[in-house]
Amino acid sequence: MGRLKTLWHRLGSPRWFFEISARWASGLVVAGLVGIAGGLGWGLAIAPPDYLQGNSFRIMYLHVPAAILSESCYMLMGAAGAVLLIWRMKLADMVIAAAAPIGAAFCAMALLTGAIWGRPTWGTWWVWDARTTSVLVLLFLYFGVIALRQALPERTAGRACAILAIVGVVDIPIIKYSVDWWLTLHQPSTFKLTAAPSMPPEMYLPLLVSVLSFYAFFAGVLILGVGNEILLREQRTQWVDDLVRSRAS
Amino acid sequence: MFDNLDLDVCSGDVVELTGPNGSGKTTLLRCLAGLTADFDGAVRHAGAFSYVGHRGGLNLQLTPLQNLRWSAAIEGTDATTSTLSAMLDAVGLAGYELTPCQQLSAGQQRRAALARLQFRNARLWLLDEPLTALDEAGCALVRDLIERHRAAGGAAVCATHQSLRVAAARPCVLGRAA
Amino acid sequence: MSAVAFDRQPSSGRAFVAQLQRDLLIAFRSRADFVNPLMFYVMGIALFPLGVGPGPDRLALIAPGVLWALALLSTLLSLDALFRRDFDDGTLEQMALNVDPLFVGVLAKVGAHWLVTGLPLALLSPVAALMLFLPGGAVGTLVLSLLIGTPILSLLGAVGAALTVSLKRGGLLLTLIVLPLYVPILILGAGAVTAAIDGLDPSAQLTWLAAILALMLTFTPFAAALALKVGLE
């Protein structure tokens with residue numbers, strides 16, 4: 001418990017986070033990419049073709065993780081928002097700023113891969129099914145946060161985006177239920193934590209690897225992004241000045 | 001914006017904040033009012049305060065009486081219509097209580113905005129440019145209000161370009177950083 | 001005139017009533033704020049027969065969605081002015097300084113906004129439904145769904161309006177922020193009307209809407225008040 005408290009305290013200093021994270025971040029990104037490549041290779045080449053969809057389902061190894069990550073990223077933004085508003089931790093502000101574009105990119109990727117999946121499977125480039133629709137709405141939510149952040153002055157932008165992110169987080173389950181309820185076309189979730197997966201292990205294991213690797217990749221990229229934000233925000237402090245000088249020389 | 005500012009306002013004090021445009025008079029008042037928390041340090045109040053900002057706080061589509069009635073309700077002051085009318089008379093708006101504020105002159109609007117200082121429900125007054133758009137009589141009115149407030153034990157901090165000409169006012173000059 | 005020296009007895013109930021009365025008064029003084037969203041609604045609905053063709057079958061098919069989507073857009077139009085006018089003339093500062101807790105004042109403003117925008121819209125909707133040949137049996141559900149749904153639109157919209165209050169031209173950004181949040185309301189509202197057309201029971205959707213309204217009532221005024229304080233800095 002004491003260890004956690006110290007960690008919490010340390011997180012209050014963006015500078016500390018920057019110095020620590022530099023070591024982890026690149027490693028995470030590389031590990032993530034390797035995992036994704038591995039999972040993809042496994043899924044694309046080795047796993048057997050689906051009896052209904054043939055080979056096109058393989059895009060699922062990109063589509064499903066992207067969709068899952070885009071949602072997790074928003075939840076993280078909401079959590080960071082709560083931390084910012086309650087404990088006024090500056091780092092949380094930077095997490096929100098860094099996470100928003102990453103989450104939006106995951107949404108875009110999920111939509112793109114969804115289109116690529118849809119074309120051979122259902123014959124159209126766009127399909128209004130539960131997952132694509134929720135991801136689309138999620139993308140709009142991300143746009144809102146990004147646009148709000150750009151429009152407001154730096155002093156207040158962080159807290160305003162935090163409020164918006166929290167309202168979004170509350171709304172996301174509502175959105176998902178209503179969209180689910182609105183449509184029945186999409187496949188049921190590929191795996192749930194408690195229920196048995198409806199796919200044979202040769203199919204869902206590479207998916208699991210893929211999802212976990214995506215998480216690692218996301219964590220790495222996020223930390224790098226937060227580091228960037230820290231440098232931007234603290235550009236007028238001494239330690240950043242020293243850092244830039246030492247890197248330049 | 002400010003460096004090492006230490007301000008103590010006691011009963012009976014009238015502080016005049018002066019300084020060139022952009023020196024932060026409005027910002028300081030907003031910090032004192034608690035509208036801005038963008039500073040290191042603390043503001044401690046010994047009771048309620050009344051803030052009349054730069055823009056007055058009047059809705060132009062309503063009449064002075066309606067505006068005053070709303071102010072009274074949200075500030076937690078009991079006041080009957082006749083009391084409110086009397087307050088508007090006292091600031092020189094006799095006969096204009098029921099005219100929509102957008103039809104009043106700028107000076108009259110300022111008087112209507114200041115009328116709520118007569119609620120006497122706050123020990124500290126924070127006034128941002130109270131003399132804006134006021135003629136001689138209007139300035140005298142503000143001076144009178146502040147004097148009476150001070151005599152009753154109140155205090156005021158006013159940001160102003162021209163001197164309020166209140167006896168024994170404490171000047172506080174904000175300068176622009178070099 | 002001299003009351004007890006420097007005494008204040010602020011009461012949330014009184015502040016709520018005073019704020020509500022004031023906002024209703026202002027709304028009725030400026031007819032435009034009241035009439036414009038309604039006119040937009042009717043005109044917007046009329047665009048569809050003009051664009052899609054006057055055939056009753058096609059129009060009746062799209063009617064639930066169009067009637068609801070346009071209600072959303074009309075509400076969005078009227079949201080910008082919710083806090084901005086008060087921000088510009090200094091009254092918002094007064095409310096923020098004196099009404100404590102601030103969400104009481106926000107709730108009063110949202111209530112006034114709904115009474116002036118959402119409620120008339122719901123009551124006007126049968127006329128619009130006529131233009132799109134909505135089957136008579138579904139009109140009751142339409143009005144009911146709008147009566148439950150439009151307050152949610154006002155509440156969520158208030159958060160967006162509060163977040164953008166300090167921006168000079170925040171109207172479009174407001175729309176961008178609020179529209180995704182509106183999606184479930186649209187789905188449920190239009191879904192209820194569609195169910196009614198098909199002869200099914202719309203009470204599931206209507207109950208969901210009511211539950212969402214209850215949820216939003218408890219937390220959006222608070223979020224909006226926080227956003228206003230941030231905007232006033």
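Among contacts in chain A of this predicted model, 79% of those between residues at least 6 apart in sequence join residues at least 24 apart. The secondary structure of chain A consists of 8 helices and 0 strands, giving the pattern α-α-α-α-α-α-α-α along the sequence. Chain A has 249 residues, of which 39% are buried.

The largest nonpolar core comprises 195 residues. Within this core, the residues that touch the most other members are Ile96(A), Leu67(C), Ala227(C) and Leu228(C). The element that gives the most to the core is helix α4 of chain A, spanning residues 90-122, with 16 residues. The surroundings of Ile96(A) were examined with its neighbours within four places in sequence left aside. On this basis, Ile96(A) is in contact with Met77(A), Ala80(A) and Gly81(A) on the one hand, and with Gly158(A), Cys161(A), Ala162(A) and Ala165(A) on the other.

Contacts were also computed between chains C and B. Here, 29 residues of chain C are in contact with 33 residues of chain B. On the side of chain C that touches chain B, at least two residues are supplied by each of α1 (12-29) and α5 (91-98) of chain C. Helix α1(C) accounts for the largest share of this side, with 7 residues. By residue class, the side of chain C that touches chain B divides into 13 nonpolar, 8 polar and 8 charged residues.

Technical notes:
Residues are numbered from 1 along each chain as its sequence is written. Chains are lettered from A and ligands numbered from 1 in the order in which they are written. This is a predicted model: local features need pLDDT of at least 70, side-chain atom pairs count only at pLDDT 80 or more; totals for chains, interfaces and linings use all residues. A nonpolar core is a set of buried Ala, Val, Leu, Ile, Met, Phe, Trp, Tyr and Cys residues joined through C-beta atoms within 7 Å. A residue is buried if 20 or more other C-beta atoms lie within 10 Å of its own, exposed if 12 or fewer, and partly exposed in between; C-beta atoms are placed from the backbone. Helices (H or I, at least four residues) and strands (E, at least two) are DSSP runs, numbered from the N terminus. Two residues are in contact if their C-beta atoms, placed from the backbone, lie within 7 Å. Ala, Val, Leu, Ile, Met, Phe, Trp, Tyr, Cys and Pro count as nonpolar, Asp, Glu, Lys and Arg as charged, and the others, Gly among them, as polar.
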